[in-house]
Amino acid sequence: MGEKIKKLKKIRIHREGTNTLMATLLIAAAIAVALWFVFDNKVPFWLFVTVFSAAWFVVLNFYRCPIRYFNGDTDNIVVAPADGKVVVVEEVEEHEYFHDKRQMISIFMSPFNVHANWFPVDGKVLFVKHQDGNYHKAWLPKASEENERADVMIETPTGQQVLCRQIAGAMARRIVTYAKDNEDCYIDEHLGFIKLGSRVDVYLPLGSEVCVKMGQPTTGDQTVIAKLKV
């Protein structure tokens, strides 16, 4: 899209996790102080500190928010909206919005992946729609239609429509979507965040050149997953 307006916030820990991390740290500090002064034997104190530190750093890793910029021309480029692994690459019938066949690429995020989501293409957000649903395991095919999800429809500068679907999984129980109706959106910007294991589907026009394969790891905002047909 030529020159783009960058609306990035340089955050290394995602704002969705700031309160959780600080609250648990304060509670743990209080417990550690109590263990230190209540027991003459310091084993309970060191055991608690060791176990809590390991768990806290796992959560800290989950809320990482890398500062990323896509290097290169973004015209007709589709980037991975999430860190994870490609679990679906196939043509599907999309009945809710397009009512025709689409090329679908799905990325599964494990609890150890960064869970920030990025816009997959430059364009304009046509609408954002949230739908309640079940919590099947995110890698199952039925998760795309039956699980709780948030749909973001984007129209590219060339008039092609791309659907990005955030899907809650068996563990994920909160989908956060920052996209707003009628706003311009760009690769490099955060689309949203999903807590714990989950999945993101991208529905592309037929004829798009798929650039990834099943099982391939992806890096959000960096891995080119497809090129739209010109």
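1. Asn182 sits in the loop that links strand 8 (175-177) to strand 9 (184-185), where helices (H or I, at least four residues) and strands (E, at least two) are DSSP runs numbered from the N terminus. Its phi is positive, at about 70°, although Asn182 is not a glycine. With a relative accessibility of 53%, Asn182 counts as exposed, the classes being buried for under 20% relative accessible area, exposed for over 50% and partly exposed in between (1.4 Å probe, protein chains only).

2. On the basis of these values: this is a predicted model, in which local features need pLDDT of at least 70 and side-chain atom pairs count only at pLDDT 80 or more, whereas totals for chains, interfaces and linings use all residues. Residues are numbered from 1 along each chain as its sequence is written, and side-chain values use heavy atoms, with hydrogens and water left out.

3. Asn76 also has a positive phi, near 65°, and is a residue other than glycine; Asn76 belongs to the loop between helix 2 (43-62) and strand 1 (77-79).

4. Glu148 lies in the loop between helix 3 (143-146) and strand 6 (149-155) and is buried, with a relative accessible area of 8%. The Glu148 side chain makes a polar contact of 2.8 Å with the side chain of His130 (a pair of N or O atoms within 3.5 Å; within protein, one must be able to donate a hydrogen and the other to accept it, and residues adjacent in sequence count only if both atoms are side-chain atoms).

5. Three strands form an open sheet in the order 1-14-12, with antiparallel pairing, and its edge strands, strand 1 and strand 12 (209-210), each pair on one side only. Two strands pair if DSSP finds at least two bridges between them; two bridges join strand 12 to the antiparallel strand 14 (residues 224-227), and Val210 stands opposite Ala226 in strand 14.

6. Leaving aside neighbours within four places in sequence, Val152 is in contact (heavy atoms within 4.5 Å) with residues including Phe119, Phe127, Leu163 and Leu191.
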